[in-house]
Amino acid sequence: MYYANNIVKELKRSHQIILFGTGLVAFEVANCLMGRPYRLTIDSFMISEKEHQPEQIMGIPVYDFASAQGVIDRDATIVIATMEKHLCSIQTALEKHGYQKIIPMTFESDLWSFIQGNTYREKCLVQNLPYRTLEEELEKSFEICDTCTKKIHVYTVRSHMDKPLLENLSQFSWEIPIQAGAALTEQKICTIRDDMGENISYKNRKYCELTALYWIWKNDCADYTGLCHYRRHFELDEEILKRLASSDIDVVLTLPILNFSSVREVYRHDHVENDWDKMLEAIRVLSPAYMPEAIEIQNGNYYYGYNMFIARKKIFDDYCTWLFPILEYCEKKCEEKADRYQERYIGFLAERLLTIYMKHHESNLKIVHGKKHFVKS
């Protein structure tokens, strides 16, 4: 099952495909669209102003609005491949210059998630690797069991610093809100908070949603447990959860994030490279059996983002038992960060560690991929 078929068909009908953006997002979108299963031709990259921009990317010319005159048709399909914060201004500028066929494929859009998911699925098929989706697995043979007593608790991480959202989230009423970093504020926004019971809530500035993950590990005993975010949700409902509880599925992961040229290279671009080396050192010292997967993931092109997953409690516990000592090692070895964003490095490393753990265990676990939804703020 491939996602976003209507958009893909629209792109294939286009006589000109232009990627708006010249940053990392545009580079990765280009790699996906030109590769399998799409095999599309990118005619050019576009940017508002050419100053300080390259003449070419991947051998493809770069134009600004001025130099695009007479080269890029007004009915060309423009794919916006940037971060979300630039979307509105770019769309307004494109429309002002007469471009009407616009497809937003920004970093946290559902569409970009689907495009990457298709690419990863195709890669697995070509390499004869296992790839399963939650939807396809549950359609096979797992009926809802009315007598099933298994519980599934999926927590959605909240913070007193959350931004207002533009969507009605009533479809995610099955989630259990948990306040992360509750020890660092007097504001209490959830009934369940990560400073209750055994916890590391005070570490939230570095650990991000992992302080909630730790709380779930130490304080919840449901048959399946999982984690998502106030802006990032698994596309599930009560019926799917009941089918999941009756299934033989061990782990639900999100559609992976693709990195070009490699996971390590993109981490080096976005974060502090030395932290990556300390993470490898921690694995080498504490869990050397995982080193082959660590090297494979760092040199590969995918990882599972956002620390989002749902797993049988036994697997959830085993993962956390493995994860947190590695993170504590990194916390002791890595330098303090003055930048507030980079201070969240423990959370960033954990995303890649989740991938390493699942890769190590993929032969003896039934792992499926579930769709995720990004909520606009």
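Phe107, Trp112, Ser113, Gln116, Ile257, Tyr306, Lys372 and Phe374 line the largest cavity in this structure. Keep in mind that you're looking at a predicted model.

**Empty spaces**

- Rolling a probe the size of a water molecule over the atoms shows where empty space is left.
- The structure has one cavity of 30 Å³ or more, and the volume of the largest cavity comes to about 40 Å³.
- Two elements, α4 (110–126) and β17 (372–374), each give two or more residues to the lining of that cavity. The largest share, three residues, comes from α4.
- The second largest pocket holds about 300 Å³ of space. Its lining takes in 21 residues, and Tyr120, Tyr302, Tyr304, Lys359 and Glu362 are the ones nearest its centre.
- Helix α4 turns up here too: along with α13 and β16 (367–370), α4 gives two or more residues to the lining of this second largest pocket.

**Helix α10**

- Helix α10 covers residues 273–286, which makes 14 residues. From first C-alpha to last it reaches 20 Å, close to the 20 Å expected at 1.5 Å a residue.
- Asp275, Trp276, Met279, Leu280, Ala282 and Ile283 are its buried residues. Looking down the axis of α10, you'd find them within an arc of 155°, so they line one face of the helix.
- What do the buried residues of α10 pack against? Their partners are the helices α9 (263–270), α11 (291–299), α12 (313–333) and α13 (345–361).

**Helix α8**

- In α8 (residues 238–245), the buried residues are Leu241, Arg243, Leu244 and Ala245.
- These pack against α5 (134–140) and against β7 (152–158), β10 (224–229), β12 (251–254) and β15 (309–312).
- Check out the start of α8: a side-chain oxygen of aspartate 237 comes to within 3.1 Å of the backbone nitrogen of glutamate 239.

**Two buried residues**

- Isoleucine 310 sits in strand β15. With 0% relative accessibility, it counts as buried.
- Setting aside neighbours within four places in sequence, isoleucine 310 touches several residues, including Val154, Tyr224, Phe234, Leu244 and Val252.
- Aspartate 250 is another contact of isoleucine 310. These two are 60 residues apart in sequence, yet their C-alpha atoms are 8.4 Å apart in space.
- Arginine 231 belongs to the loop between β10 and β11 (232–234). Its relative accessibility is 17%, which is under the 20% cut-off, so arginine 231 counts as buried.
- The side chain of arginine 231 makes a polar contact with the side chain of glutamate 108, at 3.3 Å. Leaving out neighbours within four places in sequence, other contacts of arginine 231 include Leu165, His373 and Phe374.

- The peptide bond from arginine 36 to proline 37 is cis, with omega near 5°. You'll find proline 37 in the loop between α2 (24–34) and β2 (44–47).
- Another cis peptide bond links phenylalanine 260 to serine 261, with omega about 10°. Serine 261 is in the loop between β13 (257–258) and α9.
- Alanine 4 isn't a glycine, but its phi is positive, about 55°. This alanine 4 lies in the segment before α1 (5–13), and is partly exposed at 21% relative accessible area.
- Methionine 58 isn't a glycine either, and has a positive phi of about 60°. Methionine 58 is in the loop between β3 (56–57) and β4 (60–64), and its 35% relative accessibility makes it partly exposed.

Key
Residues numbered from 1 in each chain as written. Predicted model: local features only at pLDDT ≥ 70, side-chain atom pairs only at ≥ 80, totals over all residues. Heavy atoms only, no water. Buried < 20%, exposed > 50% of the residue type's maximum accessible area, 1.4 Å probe, protein only. Helix = DSSP H or I, 4+ residues; strand = E, 2+ residues; numbered from the N terminus. Contact = heavy atoms within 4.5 Å. Polar contact = N/O pair within 3.5 Å; in protein donor to acceptor, adjacent residues only side chain to side chain. Expected span 1.5 Å × (residues − 1). Arc of directions from axis to C-beta. 1 Å grid on protein atoms, 1.4 Å probe; cavity = no way out; pocket = protein on both sides within 12 Å on 5 of 7 lines; lining within 4 Å. Points joined across faces, edges and corners; volume = space filled by probe spheres on them.
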